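Welcome! Have the structure open while you read, and try to find each feature on screen as it comes up.

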Amino acid sequence: MTALLYNVSVPGNTAAQLQASDSPFNLSAAGQDALGSGESLAPLCTLCCCGYVNRTLAVVFMVTLAFAIVFGNVVTLTVFVQTRQSRTPQGYLKVSLAIADMMVGVLVVPFCVYTEISLMLTSSPPSWYQGSSTFLDNSSSLGGLVSTWQPCLLIGPVFAGCTFVSISTIFLMTLERSVAILRPLHKDVLVTRRRTLLLILLSWSASFLLALAPLIFSRNFILEYNECSRMCNYTPLMFGSQLPPDAYILLLFPAFDFTLLGGTLAVNIVSFTSIRRYSQKRKLLSEGSLSDGAGGGGGGGCSHRPSFSDIKAAKTISILTFAFTASFSPIAVFVLGNVVGYTWCNFSFFAFWILAGNSCCNVIIYSVRDHRFRKGLKLLFQRDHSPPTCG
């Protein structure tokens, strides 16, 4: 998810004095020209974070993470595609989640690796890096900015969009399991493959539209590679020492995620309350504590009981929700802090890359919790090594 970082660009010929005490700004080249050669500001990225050794360790971590994300999600996609039992609405949702995660490992992380290696091996940064923009008058029809092709215009929205796809898909998976638990006799009617595919398409469209919202609905943001987070982030065009008046548009990102996470939590509470009641009733029936009449009534309820696989799947999805919430929370704190004026350079790296690391967690959760996935995984790796049968 892209966020607001003070990698500041100053529009026009504003000779603004930016305060470097509470929030030291790291100016792009255009911003430094606007201030004049005599102005020097404390850099955001300190030696402990941007030194040669630190960058080397960061690159090693990124390469390892990219391999883990791609390998894990390719295995996940292969298992779900080749396992006939996985061709269900829940299976389609898991495929959607795996594709979103794999896009992070194929596009976002490798781009960051390339940029970091370029900064380490060359004396000058890439031509598009931060100061590649030429500023014009702020009242122009182009929003005061003409720039060459900026790869972050692709990479930034991809990371943000895939993050939104992940949480919306987890929300849809929770709804699908809640229907299977609360209305098991109606789940095949309510949750169909066609409806599931339509919801997946809607999820992807809405997620990437939201990821582009700061560029669509405002002219006061650009996307640049930030040396603190080592990712492509939304950068505000500063007006003097003030953030643009519509800087709060970035609060749409945590608002969207926490709304869906809250909805997921509420649905899980309802589902697990039903599971708990059913488990208590089954325990009483096994102990003979219910009368025949009550048992008859309970028997009617038991005929509508959720299956064991539905209950276990609901628990697995709740673990996915917890893992995503834990990885997203640092980003939410970081975005809120930046909007109100705080700058946390060192923290930004950990916040963004903890979220990126979540893209390789799902296959681990499936391997531990989903017996069908484990079975498909076993068949996948043993297919070429099975001994010939004797006729």
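By the rule that two cysteine sulfur atoms must lie within 2.5 Å, this predicted model has one disulfide.

**The disulfide**

- Which two cysteines form the disulfide? They are cysteine 152 and cysteine 232, and their sulfur atoms sit 2.1 Å apart.
- The bond joins helix α5 (residues 152–182), where cysteine 152 lies, to strand β4 (residues 231–236), where cysteine 232 lies, so it ties together parts that are 80 residues apart in sequence.
- Is this disulfide left-handed or right-handed? The torsion about its S-S bond is about -65°, so the disulfide is left-handed.
- Both partners can be checked for burial: cysteine 152 is buried at a relative accessible area of 0%, and cysteine 232 is buried as well, at 4%.

- Is cysteine 361 buried or partly exposed? With a relative accessible area of 28%, cysteine 361 is partly exposed.

**Helices packed together**

- To read this part, remember that two packed helices are described by the angle between their axes and the distance between the axes.
- Helix α3 (residues 52–82) packs against helix α4 (residues 89–121) at an angle of about 155°, and their axes are 8 Å apart.
- Angles over 145 degrees count as roughly antiparallel, so α3 is roughly antiparallel to α4.
- The crossing of α3 and α4 is left-handed, and their contact has 22 nonpolar, four polar and four charged residues.
- Helix α4 also packs with α5, at an angle of about 160° and with the axes 9 Å apart.
- These two helices, α4 and α5, are therefore roughly antiparallel to each other.
- The crossing of α4 and α5 is left-handed, and the residues in their contact divide by class into 17 nonpolar, four polar and four charged.

**Aromatic rings**

- How many aromatic pairs does the count come to? The count is 14 aromatic pairs.
- One of them is formed by phenylalanine 164 and phenylalanine 256, with ring centres 5.3 Å apart and planes at 75° to each other, an edge-to-face arrangement.
- This pair links distant parts of the chain, since phenylalanine 164 is in helix α5 and phenylalanine 256 is in helix α9 (residues 252–287), 92 residues apart.
- Phenylalanine 164 is buried, with a relative accessible area of 0%, while phenylalanine 256 is partly exposed at 25%.
- Both rings belong to one aromatic cluster, made up of Phe164, Phe221, Tyr234, Phe253 and Phe256.

- Arginine 230 has a positive phi of about 60° although it is not a glycine.
- Where does arginine 230 lie? You will find arginine 230 in the loop between β3 (221–226) and β4.
- Arginine 230 is buried, with a relative accessible area of 2%.

**Apart in the chain, together in space**

- Arginine 55 lies in helix α3 and is buried, with a relative accessible area of 10%.
- Between arginine 55 and leucine 119 there are 64 residues of sequence separation, yet their C-alpha atoms are 9.1 Å apart in space.
- Alanine 211 has its place in helix α7 (residues 193–211), and alanine 211 counts as buried at 0% relative accessibility.
- The C-alpha atoms of alanine 211 and phenylalanine 253 are separated by 7.9 Å, although the two residues are 42 residues apart along the chain.

Key: Residues are numbered from 1 along each chain as its sequence is written. This is a predicted model: local features need pLDDT of at least 70, side-chain atom pairs count only at pLDDT 80 or more; totals for chains, interfaces and linings use all residues. Side-chain values use heavy atoms; hydrogens and water are left out. Helices (H or I, at least four residues) and strands (E, at least two) are DSSP runs, numbered from the N terminus. Buried means under 20% relative accessible area, exposed over 50%, partly exposed in between (1.4 Å probe, protein chains only). Axes are lines fitted to C-alpha atoms, for helices over the stretch in contact, and angles run from 0 to 180 degrees between N-to-C directions. Angles under 35 degrees count as roughly parallel, over 145 as roughly antiparallel, 65 to 115 as roughly perpendicular and the rest as oblique. A crossing is left-handed if the near helix is turned anticlockwise from the far one by less than a right angle, and right-handed if clockwise. Ala, Val, Leu, Ile, Met, Phe, Trp, Tyr, Cys and Pro count as nonpolar, Asp, Glu, Lys and Arg as charged, and the others, Gly among them, as polar. Rings of Phe, Tyr and Trp (its six-membered ring) pair if their centres lie within 6.5 Å; planes under 30 degrees apart count as stacked, over 60 as edge-to-face and the rest as tilted.
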